[in-house]
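Subject: Structure for your review

Hello,

Here is the structure for you to look at. My notes on it follow below.

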Amino acid sequence: MTSKRFFLQGMALVLGAASLPAVAKGGVSFGPAGAPDWSMETWTALFRKAPKEHSFKGVFIVSMPNVSSVSSSRITHVVHKRDVIERIEALTGQQRITYRRNAQATTVFPDAKIVRHEQLGAQGGVFPGAGDRFKAASAHYRVAPGGRGRIAGFETYTVDFRPLDGWRFGYRVWSDVKTGLVLKLQTLGSDGSVIEQSEFSELALDPAIKADALLAEMQRVPPGYKVVRSKAAVTTPAGEGWSVQDLPAGFEPVTCYKREPAKAHGWLQCVFSDGMASVSIFLERYDPERHRQEGHMSMGATHTLVTRSVDANKTEWWATVVGEVPTTTLRGVLKAMERLPGDKPARP
């Protein structure tokens, strides 16, 4: 399950000016149904701030109406000094527990008796909602304040982010009035239908949680488990022999990693974002023994495109493009990646 999203904070007339960012002080107007009529910059800044300032525990449910799929996780999220620590236990599907301390992640797979360590890099948290959404304001969405509601017993504001073109989906967000934490999010299709929904079914805000105990649990390797470490180095497309031209409108490079082909097969991962939606492309040399099925898949809001291509150097590549965006956007990102002349990496 791809990670989902998180959010925000209140307003002066209800909470007092101390709870507002500077940009929201000095007069607040309201939408027709009661949510603050703030700019996108204000909303997204608040959404990013809340999970960095508030701890919480709860059960988080992700549903996908188009595939009749429902999954749930038990979340513990702790803000401890300058660290954000998370524990996410899957309650459905494959048994697993994922821990995160900032960019370090550990996942325990009890059935396979494997503990996997990896660096998350610029994409942030493993919690479905913390860190992979609302990285920045975007000129490619329009904000529409909505009404008031209640989610998991908490009063909320509702706000819509409506796309201005067909390269991205829309979003409807319910955020806690007092803390700004996002309690529910819907991903919307071009017709307004709900493609995917994420929400808390139960939640405790700012509970007493012992961070040291959580970190000790993260570092423990159960007897008989195999430890696997995923190593990836930060790089650039140009440094690996690729150019990026004419990305879909609003999407910009975020980060790029490579994994060297030691015991495992090597690949290059490049991430692009419009500030809200993200797309990852994985590129590796084509191997007919491993790469057999091209095509397109979708689950909820997540679409995946898998294809083989031949570059100007007659080298065959296997590309996997994945993101919570329409398929046309995946194809646009794939088309934007072009191999530089010569088969040796160019210098950035």
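The protein has four helices and 21 strands, where helices (H or I, at least four residues) and strands (E, at least two) are DSSP runs numbered from the N terminus. This is a predicted model, in which local features need pLDDT of at least 70 and side-chain atom pairs count only at pLDDT 80 or more, while totals for chains, interfaces and linings use all residues. Residues are numbered from 1 along each chain as its sequence is written, and side-chain values use heavy atoms, with hydrogens and water left out.

Overall numbers come next. The protein has 348 residues, and 51% of them count as buried; buried means under 20% relative accessible area, exposed over 50%, and partly exposed in between, with a 1.4 Å probe and protein chains only. The accessible surface is about 16,600 Å², with 51% of that area belonging to carbon and sulfur atoms; areas come from the Shrake-Rupley method with a 1.4 Å probe, and for residues only the protein chains shown count as cover. Among contacts (heavy atoms within 4.5 Å) with a separation of 6 or more, 57% are between residues 24 or more positions apart.

On the cores: a nonpolar core is a set of buried Ala, Val, Leu, Ile, Met, Phe, Trp, Tyr and Cys residues joined through side-chain atoms within 4.5 Å. The largest has 38 residues, of which W43, F47, F161, V173 and I281 touch the most other members. Helix α2 (residues 40-53) gives the most to this core, with four residues. There is also a second, separate core of 15 residues, including A50, F60, M64 and I75. In soluble globular proteins, nonpolar side chains tend to be buried together.

Helix α3 spans residues 211-219, and A211, L214, L215 and M218 are buried in it. Seen down the axis of α3, the buried residues fall within an arc of 100°, so they line one face of the helix; the arc is that of the directions from the helix axis to the C-beta atoms. Their cover includes β2 (69-80), β3 (83-90), β4 (97-101) and β5 (104-109).

Q104 is in strand β5 and is partly exposed, at 44% relative accessibility. Leaving out residues up to four places away in sequence, Q104 touches Y99, E118, Q119 and M218.

- T179 sits in the loop between β9 (170-176) and β10 (182-188) and is buried at 7% relative accessible area. The T179 side chain makes a polar contact of 2.6 Å with the side chain of D176 and reaches the backbone nitrogen of L181 at 3.2 Å.
- T307 lies in strand β19 (residues 302-310) and is buried at 18% relative accessibility. The side chains of T307 and E294 form a polar contact of 2.9 Å. Beyond four places away in sequence, T307 touches E294, W317, W318, A319 and L334.

Finally, the cysteines. Searching the whole structure for disulfides (pairs of cysteine sulfur atoms within 2.5 Å) finds zero. C256 is buried at 3% relative accessible area, and C270 is buried at 1%.

Regards

Notes: A polar contact is a pair of N or O atoms within 3.5 Å; within protein, one must be able to donate a hydrogen and the other to accept it, and residues adjacent in sequence count only if both atoms are side-chain atoms.
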